[in-house]
Amino acid sequence: MGRKTTFNEKDAEFILDELTRGKTLTAICRKDKALPAACTVLGWAAKNEDFHQRYVRARLSGYTLMGDQVLDIADDTSDDQ
C-alpha cells in the first residue's frame, strides 16, 4: 500500500495549516506517512487552481514566520562570546 495520491480536502487543509505555521512541505509529508508525498502535493497545486491559490497564501505566511525566526536568531546575543 503506497502513499495517497488522490486530492482530498482533509489532507489539503492539514498541509496548508502546517505550511502557514512555517513548516516545510517535505517535513510535513515526511512526518506522517498517511499523507501524500511532497511531490504529490505539488502536483495537486499544479492541477487544481483553488488549491494552488491557497497553497501560495500558506507558503507566503509560512515564509514570513520563517523570516521572523531567522531575524530573531540573528538578533539574539545571549550566547555571543
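Guide: Buried residues make up 28% of the 81 residues in this protein. The model is a predicted one.

Visitor: What makes a residue such as Ile15 count as buried?

Guide: The cut-off for buried is a relative accessible area under 20%. Ile15 has 0% relative accessibility and therefore counts as buried. Ile15 belongs to helix H1, which covers residues 9-20.

Visitor: Which residues does Ile15 touch, leaving aside those up to four places away in sequence?

Guide: Ile15 touches Leu25, Ile28, Leu35, Pro36, Val41 and Trp44. A contact requires heavy atoms within 4.5 Å.

Visitor: How many aromatic pairs does a search of the whole structure find?

Guide: The search finds four aromatic pairs.

Visitor: Why is the pair of Trp44 and Phe51 called edge-to-face?

Guide: A pair of aromatic rings is described by the distance of the centres and the angle of the planes. Centres must lie within 6.5 Å for a pair, and planes over 60 degrees apart count as edge-to-face. The ring centres of Trp44 and Phe51 are 5.9 Å apart and their planes stand at 75 degrees, so this pair is edge-to-face. Both Trp44 and Phe51 are buried.

Visitor: Why is the pair of Phe51 and Tyr55 called tilted?

Guide: Planes under 30 degrees apart would count as stacked and those over 60 as edge-to-face, with the rest tilted. For Phe51 and Tyr55 the centres are 6.1 Å apart and the planes are at 40 degrees, so the pair is tilted. Tyr55 is buried, as is Phe51.

Visitor: Why are Phe51 and Tyr55 separated by about one helical turn?

Guide: The separation is about one helical turn because Phe51 and Tyr55 are four residues apart in helix H4, residues 49-75. Phe51 and Tyr55 also belong to one aromatic cluster with Phe7 and Trp44.

Visitor: What is the pattern of the protein, read along the sequence?

Guide: The pattern is α-α-α-α, with four helices and zero strands.

Visitor: How does the radius of gyration of the protein stand against that of a compact globule of 81 residues?

Guide: A compact globule of 81 residues would have a radius of gyration near 12 Å, whereas the protein has 15 Å. Its C-alpha atoms fill a box of roughly 50 × 30 × 15 Å along the principal axes.

Notes:
Residues numbered from 1 in each chain as written. Predicted model: local features only at pLDDT ≥ 70, side-chain atom pairs only at ≥ 80, totals over all residues. Heavy atoms only, no water. Helix = DSSP H or I, 4+ residues; strand = E, 2+ residues; numbered from the N terminus. Rg over C-alpha atoms; globule rule 2.2 N^0.38 Å. Buried < 20%, exposed > 50% of the residue type's maximum accessible area, 1.4 Å probe, protein only. Phe/Tyr/Trp six-rings, centres within 6.5 Å; stacked < 30°, edge-to-face > 60°.
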